Amino acid sequence: MKRTLYVIALGIIVFVAWSIYSSPHISNSTKKKHQEATTTPVVSVLMSLKDIYHRGIHTITGAVVTPTPCYTVDAETKMVPSTTPPVIRLNLSIPPDTGRCLQLSATTTFRVKQKAKKDAKLSTYINGVQVATSTIF
């Protein structure tokens, strides 16, 4: 009887050892490290753009469609030096959103003013990429 118990116990030990060593393992050198979330460029569409001139000042208003309501649009203008006719450069900066937000597109508006001559042309950039604005006015 003792012999049977020893054989069964030895069989169980061999089975457990075989199960542990034969199962697939991942070595420490091949484990993937935790990666930070990567940011992708913001895909935004300039929906409207309007330039109103009054007493030497251009008031530029517009709307941009962003991927979520959590994005902000920062607008600034500056004059491009040595151009004829004068050119107003409108820079729209839309930084990537890092928080959680409802995945539903939203329209964000902006308004800026720039002192310039009446015949000044407008050149619009979103995150450094020029946008065709000749048909949006």
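Ser-82 is exposed, with a relative accessible area of 81% (exposed means over 50%, buried under 20%, partly exposed in between, using a 1.4 Å probe and protein chains only). Keep in mind that this is a predicted model, where local features need pLDDT of at least 70, side-chain atom pairs count only at pLDDT 80 or more, and totals for chains, interfaces and linings use all residues. Residues are numbered from 1 along each chain as its sequence is written, and side-chain values use heavy atoms, leaving out hydrogens and water.

- Most residues other than glycine have a negative phi, and most peptide bonds are trans.
- Ser-82 isn't a glycine, yet its phi is positive, near 55°.
- You'll find Ser-82 in the loop between β3 and β4 (strands are DSSP runs of E, at least two residues; helices are runs of H or I, at least four; both are numbered from the N terminus).
- Asn-127, in the loop between β6 and β7 (129–131), has a positive phi of about 50°.

**Inside**
- The largest nonpolar core has 16 residues, and Leu-92 is among those touching the most other members (such a core is a set of buried Ala, Val, Leu, Ile, Met, Phe, Trp, Tyr and Cys residues joined through side-chain atoms within 4.5 Å).
- β4 gives the most to this core, with three residues.

**Helix α1**
- Trp-18 is found in helix α1 (residues 2–22) and is exposed at 56% relative accessible area.
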